[in-house]
Structure formats: structure tokens, C-alpha cells
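My entries follow the display.

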Amino acid sequence: MCGTCGCGGRDVLIGGKRPVRGSGVLSFRKPAPAGVETGHDQESTAQLRIIQVERDLLAKNNEYANANRCQLAGQGIFALNLVSSPGSGKTTLLVKTITELNGALPLAVIEGDQQTENDAARIRAAGAPALQINTGKGCHLDARMIAQAMQRMDLQEDSLLLIENVGNLVCPAGFDLGEAHKVVILSVTEGEDKPLKYPDMFRAADLMLLNKCDLLPYLEFDAGLAVEYAQRINPDLRVIRISAKSGEGMAEWLDWIRAGCTKTAQGRQRLAQTLE
Amino acid sequence: MHEMSLAENVLQIIEESARSQNFRRVRGVVLEIGQLSAVEPDAMRFCFDSVMRGTLAEGAVLQIIETPGAGRCLACGATVAMQEQYGLCPSCGSPRLQITAGNQMRVKDLSVE
């Protein structure tokens, strides 16, 4: 069990089913190959040799992420990886986003949670296709899970793919899924200094949604300070103040999504022309 | 950062190397972990021992080489030592620092028999 967050990653379910076990980042511990000694008790007199490996720990994840990115580009799909702590209002914001887009843009959602299908059910109720990945004890989605999920979804050309990562402000920062952007959601019911406490995520994101802004009059949260902290970590971070409840900032967020979708679709068309 | 799944990735790299380099037992593993990579060496040690149990690397000695962080100031071009993922350039005060070293997480080498 992980000493940091209790994650284990052995109980993954995608759409309620076990993924195929293979050689990817999700691979489960395989029994040692025949002839391999595994115990301490067999004293060996064989000579040690040093093997230079020089391999990045995330190399496998990054291979899957690159393959996902190629597939998404080929289909003109604008993919966003939404990350935050639990309770920031990600799912409510997604539901509101789907409702406001009102079918004008084909979209699909991948939901990541340790347990339950609840979030996927909420998304489906809002009218969008959703696939739930349950990571079991795992504390983040990885690129191989997304590759497997994408295979099982009927993703449309020139569409939007929203990936709601497991609520965790630490682990998902390091795992590229092949998305166009990480979008970090910080709600005003959290502390202003979260960006300083959890800098990795704010560094990895391109957009921050400062959510639940309708509550600002009732809180002592200093929104300007939160933005200042976030941009201290990442000077290029764009910020939208938003409220899924009051609708504040939704137009700007939807415009940002539409612009990304248009650019991605144009990229696909150029790619198709080049390949013709 | 997710040390458990990173430790699983270490095992995967070891198993792939065992097949290509033809060894049956791993006695030592050297990891290079950058100070800016957000991996806790202690958590990694804990996860490493747990993941390697029952494998060809059970009981292997883990050595972690922590490499220092460094960056380049995008405003003035200065080279900056970095202890955290963010900071201000000591020369010009700009926060626009690009990490150039210290964010890697690599299996450097293995002692095998």
C-alpha cells in the first residue's frame, strides 16, 4: 500500500468490468518466470554484474499518452483532464457544462473515481454518454486506462472529451493521459494557499477554474490572493472565476472549450489533407 | 505523486530488462529521483519493498540518488538553483522559471546475477 495516499491500483474497473491484464502500466504483479529464484534463502555465489538501464519510470505511461494524443488528433477530439481535490464541484460543473452546451457540441465523459458509478450516472442523466473507471485503491487515472476506455466508447469525430480525474490534488499531476490541457478546479470553500501547498498540479495545468464563486460573499476567501498564488506557481495559468450554481463565468468557460474544439477540428482537417 | 504505481513501473522495467539482458536475480536497484519530481524517497522505499516481494527483485537493496533541481529564467536567461517547483529568479525577480534539471525519475542501473 502506498505510504503517501493508500493507493494500490489492483482493483481497476472500467465500465464495471475488469480491464485486460497486460504489460502496461496497469499490469498486476506477475509471477516470476520459470527458473527465477524469488526467495532470500537461496544463497547465491553467482557474480554480480551491473546493468545500465536509464529508463524513465513514466516511460510506459507516456507511450500510452502519446498514442492517445495521436488518436485524439486523428479524430479531432479536444480532450480535457479535469483535476481537483474531492468536493471542488467538478461533477456539478460538468453537468452544468453539458446542460449549457445543450447538444450543440458532440461530447463524451470519462469519469474516474475509486468506487461507485454515481458520477457517470449523473453525467448520463444530463444527457451525455459517460464511462466510469473505478480505480479501486488507485488514486489517479493513467494513460492506459484512458486508452482502454476510449476503445470502448463510440467517440465522435470533432467532439469534446471531458475526463474527470480522481479527486486528488497530488497524484494525477504526474500522469499524462494524452489530453490537450489539464484544467485544475479550485473551489472558494478551500484555502487560498492550496496552489502553494500542492504546486505540482497548478504547475501542470493550463487553466484554473475558481469554482463556487457565488459563495464568495459568505466566506473570508480572498479570490485575488488565490489567483496570485496560483500564478506564482505557474505564470502562464489562465484563470476563470466561475459558479456552476449562478452561471457566473460559464460563458467564458464555454467559449474557451469551443475555441479548443474548433482548433482541434481544424488540426484534424489539415492532417487529413496532408495524408490524402 | 503516486509512489505505489511508480514502484510497479520499476518492477516492470526490471522484468523487461531480465528478459532482454538474461538475468534471474536482482540484488540492487539504483533510482535517480530529482528533487523537483515530487516523489518522496521514504514513500518510494516503503512501496519498493512491498512491490518487490515475491519477485526476482525481492530483498534487493534500493539506492536513491537525489539529483538537485535547476532552472533557467525565461526573462533574463540566468541559471537558477531550485529547491521547489516554483520560485523567483535571484537575478531579476521573475517567476518565469523553466525547470531544466531535477524532475526526472529513472531506473539508473541494476546489480544482477
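I am working with a predicted model: local features need pLDDT of at least 70, side-chain atom pairs count only at pLDDT 80 or more, and totals for chains, interfaces and linings use all residues. Residues are numbered from 1 along each chain as its sequence is written, with chains lettered from A and ligands numbered from 1 in the order in which they are written.

**Sheet across two chains.** I found four strands in an open sheet, ordered β2(A)-β6(B)-β1(B)-β2(B), with mixed pairing. Strands are DSSP runs of E, at least two residues, and helices are runs of H or I, at least four, numbered from the N terminus. Two strands pair if DSSP finds at least two bridges between them. β2 (49–56) of chain A and β2 (61–67) of chain B each have a single partner strand, so one side of each lacks a neighbour in the sheet. I looked up the β2(A) and β6(B) pair: antiparallel, over six bridges. There, Arg55(A) has Val107(B) as its bridge partner.

**Sheet in chain B.** Three strands, in the order β4-β3-β5, form an open antiparallel sheet. Its edge strands are β4 (79–82) and β5 (97–101). β3 (residues 69–73) pairs with β4(B) over four bridges. Gly69(B) has Met82(B) as bridge partner.

**Helix α4(A).** I checked residues 143–152: eight of the 10 are buried. Buried means 20 or more other C-beta atoms within 10 Å of a residue's own; exposed means 12 or fewer, and partly exposed lies in between, with C-beta atoms placed from the backbone. Met145(A) and Ile146(A) are among the buried residues.
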